[in-house]
Amino acid sequence: MKETEKTTPKGIRCPNFNLFGFCPFGIMCRLGECHVNLETGENLRASATNKSTDTVSKGESDNEKGSSLIENDDSKLNNYSGHSAINVLTKDIQMKLRKNKYPFKCKRHFEQKKVDKAPQDNTVTSTTSATTTPYPTKTRKLIDFSNKVYVAPLTTVGNLPFRRILKKLGADITCGEMALCKNLLEGRAPEWALLKRHPCEDIFGVQLAAPFADQFTRVSEIFINEEMKIDFIDMNLGCPIDLICDKGAGAALMQRDNILKKCVTGMTSTLAGEIPITIKMRTGWNMNSPFAENLVSKIQSWGFNDSISAVFVHGRSRLQRYSKLADWEYIHQVANTARSTVKTLNDETELDTQIKQIPVVGNGDIFSYTDYEEKLLKSKEESNEEGSALTPCAMLARGALIKPWLPTEIHERRHWDISATERLDLLKEFVYFGLEHWGSDETGVAKTRRFLLEWLSFLYRYIPVHLLEVLPQQMNHRPPPHLCGRNDLETLMMSKHCGDWIKISEMLLGKCPDGFQFEPKHKASSYK
């Protein structure tokens with residue numbers, strides 16, 4: 001078999017040609033049969049007369065939000081942009097960031113220390129710190145997470161093609177993967193790619209991680225100056241990875257509440273109400289000494305109620321990572337404490353304008369619509385006549401990786417006995433979206449295959465409904481060894497072996513290169 005045949009995806013038309021009537025990869029495109037003249041090697045452009053019949057995407061429904069299928073005019077052919085994503089940083093801005101020439105207002109933390117140590121005189125100097133001169137205030141409504149299905153940031157697997165699948169399956173709010181502010185400020189293209197947004201993502205946020213206030217503030221400046229299309233910014237206080245925590249970011253930032261206050265102050269001053277923020281945290285550093293309720297009370301007392309849309313609490317500590325069950329008892333306690341703090345503040349201040357409670361959203365182990373409803377019902381029972389202290393929002397993480405159709409189950413209140421063929425169709429759509437996003441050349445096919453395999457390392461954990469003795473399946477359950485499904489495909493999809501995942505990828509993307517091997521990047525306790 002020829003090398004060119006080994007990596008040719010099966011049964012898929014070129015996404016770029018479908019969208020724009022032109023493919024920039026030309027003869028290097030692995031799907032070039034529809035736009036390359038095999039006799040001359042010429043890269044063809046679609047004509048206005050045959051686009052309507054030949055370029056309809058098999059992987060994209062006509063009624064999808066933000067559909068970018070080409071129309072019967074030559075405008076898209078003459079104005080090819082090379083991508084359908086939003087929030088693409090220009091090369092000029094990237095170069096300014098790399099050369100440290102971007103006109104920031106906020107000084108870096110070590111520069112501010114020099115200013116603070118300098119001898120003071122009576123002259124007025126213009127210095128800016130993390131609390132920069134505010135931008136003109138703009139009215140921006142806070143994001144309402146109530147009764148919504150929110151897909152949390154998911155490192156590696158929560159990429160743009162995956163989020164498009166979740167949107168089609170009923171997700172209301174999506175968020176990009178965690179991005180490190182340091183890498184963004186250095187203009188690194190792979191990090192900025194994490195902030196890309198598809199038009200179908202009608203409510204979209206980005207998640208940032210940093211150990212210092214100036215980094216959060218400077219990235220916020222770029223978002224405002226470059227008019228990035230972002231609905232909210234999520235501050236990461238929950239990442240348990242050593243590489244992040246050792247630098248004071250992620251879960252370690254929970255223990256540095258003075259720095260956290262500077263971070264929130266700098267961001268809210270810079271964003272000036274144009275983009276609200278959210279804060280994602282864990283219960284604490286270890287499960288025996290949780291302190292999230294104290295931290296949430298402090299955040300509530302800082303007075304940023306008009307700028308913070310929600311506080312998300314993952315019911316596990318940093319040292320737990322993803323092992324054991326999420327502590328929803330403590331999540332309820334955090335929400336109730338936040339409500340008590342607001343009451344105390346309102347009683348003490350006696351102002352005409354009452355302080356509003358920042359919504360508290362729980363996260364962890366939601367794997368079915370019954371899980372979601374039981375947790376909300378429990379919250380309502382505990383709150384009695386005062387109403388629910390916990391915001392009714394289905395925040396999904398690993399559950400969406402294992403069951404991407406979980407938003408549909410929650411909205412329709414049913415256990416979906418999805419067939420293996422339907423699941424394979426979802427994988428086909430992911431492959432199509434992946435080739436559109438990462439490219440249809442050899443490199444794009446390789447990236448699509450890699451991220452498909454990363455997703456399959458979670459998907460295999462799903463146990464079909466008809467095989468369960470008791471409904472629903474729990475998050476920590478795995479298919480028993482040698483379990484057989486309704487057909488060979490369903491059995492193959494329940495395999496925990498990497499070789500079987502590679503077979504599934506070859507069904508969609510053609511044969512792998514010789515010597516190809518795969519090991520999941522995700523090294524958390526949940527994978528073992």
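1. Ring pairs join F162, F430, W438, F451 and W455 into a cluster, where rings of Phe, Tyr and Trp (its six-membered ring) count as a pair if their centres lie within 6.5 Å. The model is predicted, so that local features need pLDDT of at least 70 and side-chain atom pairs count only at pLDDT 80 or more, while totals for chains, interfaces and linings use all residues. Residues are numbered from 1 along each chain as its sequence is written, and side-chain values use heavy atoms, with hydrogens and water left out.

2. The structure holds 15 aromatic pairs. In one of them, the rings of Y102 and F104 have centres 4.8 Å apart and planes at 50°, so the pair is tilted (planes under 30 degrees apart count as stacked, over 60 as edge-to-face and the rest as tilted). Y102 and F104 are both buried, that is, under 20% relative accessible area, with exposed meaning over 50% and partly exposed in between (1.4 Å probe, protein chains only). For Y432 and F433 the centres are 6.2 Å apart and the planes at 70°, so this pair is edge-to-face; Y432 and F433 are buried as well.

3. R256 lies over the face of F212, 5.7 Å from the ring centre, and the charged end of R282 is placed over the ring of Y322, at 5.2 Å from its centre.

4. Strand β4 (residues 232-237) has 6 of its 6 residues buried, so it is largely enclosed by the rest of the structure; strands here are DSSP runs (E, at least two residues), and helices are H or I runs of at least four, numbered from the N terminus. In a regular strand the side chains alternate between the two faces of the sheet. On one side of β4, F232, D234 and N236 are buried, and on the other I233, M235 and L237 are buried. Strand β3 (residues 204-209) pairs with β4 in the parallel sense over 4 bridges, the requirement being at least two DSSP bridges, and Q207 stands opposite D234.

5. K280, in strand β5 (residues 277-282), is buried yet has no salt bridge, the nearest side chain of opposite charge being D234 at 6.1 Å. A salt bridge would need a side-chain nitrogen of Lys or Arg within 4 Å of a carboxyl oxygen of Asp or Glu. Residues that K280 touches include Q207, D234 and N363, contact meaning heavy atoms within 4.5 Å.

Technical notes: Lys, Arg positive; Asp, Glu negative; His and termini not counted. Lys NZ or Arg CZ within 6 Å of the ring centre and 35° of its normal. Lists of a residue's contacts leave out its neighbours within four places in sequence.
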